[in-house]
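Hi everyone, thanks for coming.

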Amino acid sequence: MSALLEVSGVSVSFDGFRAINNLSFSIGPAELRAIIGPNGAGKTTFMDIVTGKTRPDAGTVTFGDRPLSLLSMTEAQIARAGVGRKFQRPTVFEDQTVHENLIMALRAPRSPWRVLFWREGAQDRANVAALAEEVGLSDALARKAGELSHGQKQWLEIGMLLAQEPRLLLVDEPAAGMTLAEREHTTRLLVEMAKTRAVVVVEHDMDFVRRLDCKVTVLHEGAVLAEGSLDHVTRNQQVIDVYLGRG
Amino acid sequence: MRSLYLALALCLSALFALPASAETAAEIVARNAAAIEKPSRQTIGPVIAELAASGDAQAAAILEAWGDKRLGQRKADGAFFIIAKSADGWALTDLAGADAGTAAKGDIAELKPNAGVRGLIATALVQFTLSDPDRAKRVAALESIAKDPKPEALEPLSASVAGEDDPVLRAQKERLVGLLTIRFGATSQARVAAIESFGRDPALDLRAALNPLVATTRIAFAGEPPAGANIARELKPGRDLTEAEAYDLLVAANLAPARLTVDEARHALAANLKDGAVGGVPLADLSRQEARDRAYNALEAAGTVPPAATDAEVAAAVAAHRFAEAYAEPDAAVTAAAAAALGRIGTAVGAMQAADLALDALSLASIYFLAAIGLAITFGVMRVINMAHGEFIMMGAYTGYVVQLWITNYTLSIIVALPLAFAVTFAAGVAMERLVIRHLYKRPLETLLATFGISIALQQLAKNIFGTQARPLTAPAWLDGAWVVNDVIAISYIRIAIFALALVFLAFFLWLMKRTRLGLEVRAVTQNPAMAASMGIDPDRINMLTFGIGSGIAGIAGVAIGLFAKVTSELGSDYIVQSFMTVVVGGVGNIWGTLAGAALIGLMQKGIEWFNPSNTLAAQTYMILFIILFIQFRPRGIIALKGRAAGD
Amino acid sequence: MSRSFFARNPSVLWFILILAVFTLAVTLLSDAYGVAFVSTSFVKTLGKTLCLCLVALAMDLIWGYAGILSLGHMAFFALGGYMLGMWLMYARTEEIVVAALAEGVLPATAEEIRQGIATQIFGVVGASELPPIWVFAHGFWLQLALVVAVPGVLALVFGWLAFRARVTGVYLSILTQAMTLALALYLFQNDSGLRGNNGLSGLQNLPGLGDVSQDRLSVWFLWASAAALGLGYALLAWVVSGKFGSVIRAIRDDEQRVRFLGYTVEGYKLFVFSLTAVIAALAGALYYPQAGIINPAELAPIASIYLAVWVAIGGRGRLYGAVIGAAFVTLVSSWFTGGRVPDLPLGFYTVQWVDWWSVVLGLSFVAVTLFAPKGLAGLFDLWQGLRAPNRRGAPLGPDDGALMEREARE
């Protein structure tokens with residue numbers, strides 16, 4: 001099975017501080033992966049590099065079947081190529097309705113001219129309704145996103161990610177601030193999504209990671225410390241020293 | 001005493017330069033009595049020259065009396081006396097200097113030379129004043145010669161050099177002799193030697209003496225150049241000058257007939273309108289130039305209008321003649337030496353102009369730095385856009401003006417004004433922070449607009465209080481004048497003071513931010529207000545103080561800027577955009593960046609002005625365009641880039 | 001959801017209706033076509049105000065919707081005025097020169113006419129040749145194309161440079177302000193080719209319509225301005241009503257997030273920047289023939305800031321807010337600065353409004369920013385009893401209820 005995303009030998013430093021140090025990582029087309037690591041391990045910087053927000057000093061990042069180098073692409077191009085990202089804090093457009101948020105995310109031409117003349121068809125409405133159903137926001141379509149609860153915003157954001165139909169999803173701490181019931185819902189959604197696409201979950205919460213039941217990558221000081229099942233990495237002495245031991 | 005000196009000087013000068021004359025001044029006057037009685041500018045010259053050259057110590061006294069209308073003639077025998085009013089008529093002194101008693105008012109005819117003659121007398125007297133024992137008089141004589149160099153001055157001047165015992169004046173005299181020799185020297189060797197004696201001296205007076213020598217005029221001639229013409233270079237029509245210019249030269253030299261102007265042609269055609277046609281061409285057709293030419297040629301052929309050169313004739317005439325640039329100065333050796341000297345001087349002057357430009361740029365940079373340093377605190381550190389910053393500068397300047405209304409001693413008033421301006425604008429800044437900005441920290445664009453509203457209000461308020469005309473803010477006398485290195489490099493003391501003030505502020509800022517508790521707290525609040533608050537720092541208080549200090553510095557900058565700029569209500573808005581540019585270009589949040597930004601902008605503006613000195617508006621336009629482009633490549637400013645590069 | 005555009009945006013119909021009633025009322029009250037109740041100069045003021053409302057609409061799109069506080073749109077406005085002014089001045093001068101030359105014995109040549117026009121226009125700056133930028137000035141349609149092309153291309157180039165470098169927020173505002181200043185300083189030069197600080201004048205005289213009185217011209221311009229404003233409102237309402245409006249409001253609120261949705265934020269900003277620049281230029285092309293004169297002072301950075309002031313006072317993020325703000329502030333300003341408001345005696349000091357109006361305007365602007373970020377249009381929310389959700393201080397989007405423009409205009 002060839003990899004969907006291949007990150008190799010990537011390094012980046014900010015004002016002398018090495019945030020990522022010769023990091024290599026790869027994930028297949030339909031795989032769920034959890035990334036764990038202590039604060040400052042480079043988890044968020046790793047996502048920034050993949051999504052084009054940060055340019056690495058060295059290394060390569062390729063994506064897709066006919067491998068594309070993501071390093072020469074802008075954030076928008078990378079997103080259109082099929083990389084979706086969910087932020088730690090829910091970032092939805094609070095001034096707009098759930099419907100508008102989802103319409104914006106829906107897979108469609110993105111150029112200004114095409115968007116200007118784009119008009120909503122029956123198929124689009126059906127798609128939006130289906131997405132809302134999937135994330136449990138069917139009743140809230142006409143409400144402003146700013147009025148939703150924290151958990152609902154998280155789901156709206158996941159719904160928007162699904163609407164983009166990405167091949168790779170980067171999810172930053174999806175369970176933060178959720179109730180137990182909401183967590184279970186989120187876990188189901190992630191596992192479901194990973195059946196058809198690659199999903200990378202960055203998470204602190206070990207219970208949540210255990211629930212995901214997938215391969216785990218441990219980052220430390222900008223490099224991969226260990227990789228394998230959760231049980232495998234938690235037995236790794238180095239991991240215990242740098243992360244679990246302190247936690 | 002005075003006559004002794006004069007006599008000594010005259011003897012010396014006679015020894016060195018003048019042929020000694022046997023005649024006394026009195027004898028010369030007696031011999032030329034008729035000319036002196038009825039002098040005219042044309043005829044009296046030789047007499048005055050003769051008197052001046054006589055070598056007689058009395059000559060100066062006689063000339064001086066004559067010029068002051070103190071020379072009289074006794075009606076009885078026609079003898080001349082120097083006269084002075086006395087109680088019952090005139091007191092007489094004969095021309096040899098001896099007392100000659102008195103005379104009744106009616107016995108003496110006063111000589112009243114006209115202004116032209118008095119001018120000649122004054123020129124002749126220069127040689128005497130050049131050796132006058134009073135130093136001030138000698139200086140004045142030198143200045144008058146330097147201001148208006150005349151060939152006559154050369155001889156007396158060189159004669160006076162040897163007798164000069166003041167080393168400064170002697171050097172000046174020698175220099176002036178050289179300059180006069182360059183222009184008026186008798187032989188071409190002497191002139192060339194004089195030119196070469198100056199080396200690469202960049203002084204203005206030397207260049208003023210040399211430049212006329214290499215000034216050229218364009219001439220046109222057929223065949224060989226006219227005799228005596230000192231040709232600088234030959235000009236080829238089409239390469240060095242246009243055909244039209246060449247033909248104009250021919251017309252000016254009467255070598256070709258004038259070309260017909262459009263107006264003349266129209267008048268000629270209009271004057272010859274017959275039966276709705278001119279020269280056989282129907283009137284309606286004459287709205288085309290080609291038809292007009294045809295009509296004029298027909299009239300020319302019929303002899304009704306003077307011939308005018310056609311294009312072909314113009315070309316032929318131009319081809320038949322040669323054109324050249326000729327020196328007005330006929331002596332080729334002198335022009336060659338002058339051109340070479342100017343070439344040598346040119347490189348030296350170029351280097352010095354570059355130095356002068358650098359000084360100018362530095363002073364402009366320090367002005368921008370002063371205007372921007374307050375912003376470096378409010379915008380750079382706190383990230384608060386304060387569009388009223390310019391008005392704080394204005395308030396500072398007006399504070400200075402008001403202080404001068406009360407304290408007339410300028411030095412004292414500036415010393416009072418600086419802290420007072422700080423206090424006034426500090427208070428204004430604190431008030432603004434508390435009332436407005438505090439509520440808008442999360443909304444930067446609205447801060448921009450709200451502070452702009454304050455800026456409009458403050459500007460109009462200043463107009464209402466102080467009126468629209470500019471108010472003076474006068475610098476103390478010790479700041480007048482300039483530090484002059486030579487004729488090229490000079491910088492006024494005010495600008496030096498502003499440069500020093502900018503350095504003081506830089507040091508103050510660094511001390512404040514790096515060495516004080518307040519600076520530490522400011523940096524803490526900027527980086528993480530919540531964390532700072534939890535460590536016992538009151539962010540509200542810190543923000544208020546920081547903003548106040550930034551505003552206060554703007555007030556002090558206002559006093560400094562007011563010293564050389566007109567104090568008006570628009571003073572601040574003239575600087576606000578440049579100030580923001582300075583901070584943005586330099587890199588927000590870094591004082592060294594602000595310094596670099598000010599230096600870059602000052603240098604840029606002066607550099608562009610140097611290329612196009614007549615147009616400062618264009619310089620500002622291009623500078624702003626440059627900044628817009630600069631931001632493309634260094635969006636985070638000069639210093640931020642270096643920091644990141646250093647981190648790589 | 002397949003209802004027509006107007007059904008979904010009733011405010012557009014309301015707006016056009018009110019505008020039509022207003023225009024008709026002014027026409028019927030004018031000197032030329034009605035009962036002579038409204039003076040010609042006031043008709044011109046109203047016509048100019050409509051143009052300012054149009055440029056305020058453009059400002060609302062770029063600032064209220066896309067979140068870009070451009071301090072350069074009055075420069076585009078003035079450039080539009082300059083471009084049309086060149087034709088007005090050229091064609092008008094041509095009429096005069098041709099008439100003058102017709103007095104002569106000989107029929108004038110094309111060269112004489114050209115020379116005559118150049119001397120007439122540029123004698124004041126000591127030139128006698130038409131600068132190359134006047135090459136199209138003889139043709140109305142050519143110059144009209146330049147009204148769109150020159151500001152449009154300038155906005156494209158500047159916007160491309162600025163947005164590409166990801167200059168945002170206050171930095172972009174300062175940069176646009178610098179652009180405006182550079183343009184104004186350039187035009188102040190005598191050799192800019194646009195008559196330096198003299199500017200272009202006599203624009204109120206339309207070529208070919210010399211025998212039409214200013215009374216009637218002023219009403220014609222009022223109609224044209226009203227039509228332009230109505231069309232502009234409908235166009236912008238259409239632009240912001242769909243997904244495009246959604247995207248630009250999203251860019252305003254969180255442009256990085258929009259990038260991760262796959263939208264090229266820079267392209268959208270550039271599109272909006274250039275579109276609004278062109279609208280501003282067209283508004284300027286209609287404004288300056290009514291003002292009669294244009295000079296570089298019109299480009300001063302302060303003019304663009306005032307534009308932002310109108311939109312903020314009116315209420316940004318909704319189109320009718322911009323219109324209300326521009327109309328309200330300019331009419332009240334001209335009322336106060338026109339010297340028609342009685343002085344306010346305070347006993348110790350008499351407030352003369354000509355001098356004090358700017359102070360009041362500046363301070364009231366601060367007050368609006370602090371206490372009523374939604375501007376005058378926010379009053380409608382109160383009046384309608386709409387409860388606004390807590391939006392963390394950001395303005396509301398456009399909504400239905402443009403019922404009260406009439407109040408603001410009267």
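One term before we start: a residue is called buried here if 20 or more other C-beta atoms lie within 10 Å of its own, and exposed if 12 or fewer do. Please also keep in mind that this is a predicted model.

Let's begin with one helix in chain A. Helix α5 of chain A runs over residues 122-135. Those 14 residues reach 20 Å from the first C-alpha to the last, close to the 20 Å expected at 1.5 Å a residue. Which residues of α5(A) are buried? They are A:V128, A:L131, A:A132 and A:V135. Seen down the axis of α5(A), the buried residues fall within an arc of 100 degrees, so they line one face of the helix. As a reminder, an α-helix has 3.6 residues a turn, so residues three or four places apart point the same way.

What do those buried residues pack against? Their partners are α3 (98-105) and α6 (150-164) of chain A. Turned away from the buried side is a face with the exposed residues A:A122, A:Q123, A:A126 and A:E133.

Now let's step back to chain A as a whole. Its secondary structure comes to 10 helices and 10 strands. The radius of gyration of chain A is 18 Å, close to the 18 Å that the globule rule gives for 247 residues, so chain A is as compact as a globular protein of that length. Along its principal axes, the C-alpha trace of chain A spans about 55 × 40 × 40 Å. Of its 247 residues, 45% count as buried.

Next, please look at chains B and C. Here 43 residues of chain C are in contact with 46 residues of chain B. On the chain C side, the elements giving two or more residues are α7 (169-188), α11 (301-314) and α13 (353-371). The largest share, 14 residues, comes from α7(C). By type, that side of chain C divides into 31 nonpolar, nine polar and three charged residues.

Last stop, the nonpolar cores. The largest has 307 residues, and those touching the most other members are B:L370, C:V55, C:A56, C:L57, C:A178 and C:A308. Helix α10 of chain C, residues 265-291, gives the most to this core, with 18 residues. Apart from it lies another core, of 55 residues, including B:I83 and B:V334.

Definitions and conventions. Residues are numbered from 1 along each chain as its sequence is written. Chains are lettered from A and ligands numbered from 1 in the order in which they are written. This is a predicted model: local features need pLDDT of at least 70, side-chain atom pairs count only at pLDDT 80 or more; totals for chains, interfaces and linings use all residues. Two residues are in contact if their C-beta atoms, placed from the backbone, lie within 7 Å. Helices (H or I, at least four residues) and strands (E, at least two) are DSSP runs, numbered from the N terminus. Ala, Val, Leu, Ile, Met, Phe, Trp, Tyr, Cys and Pro count as nonpolar, Asp, Glu, Lys and Arg as charged, and the others, Gly among them, as polar. A nonpolar core is a set of buried Ala, Val, Leu, Ile, Met, Phe, Trp, Tyr and Cys residues joined through C-beta atoms within 7 Å. The radius of gyration is taken over C-alpha atoms; the globule rule is 2.2 Å times the number of residues to the power 0.38. The expected span of a helix is 1.5 Å times one less than its number of residues. The arc is that of the directions from the helix axis to the C-beta atoms.
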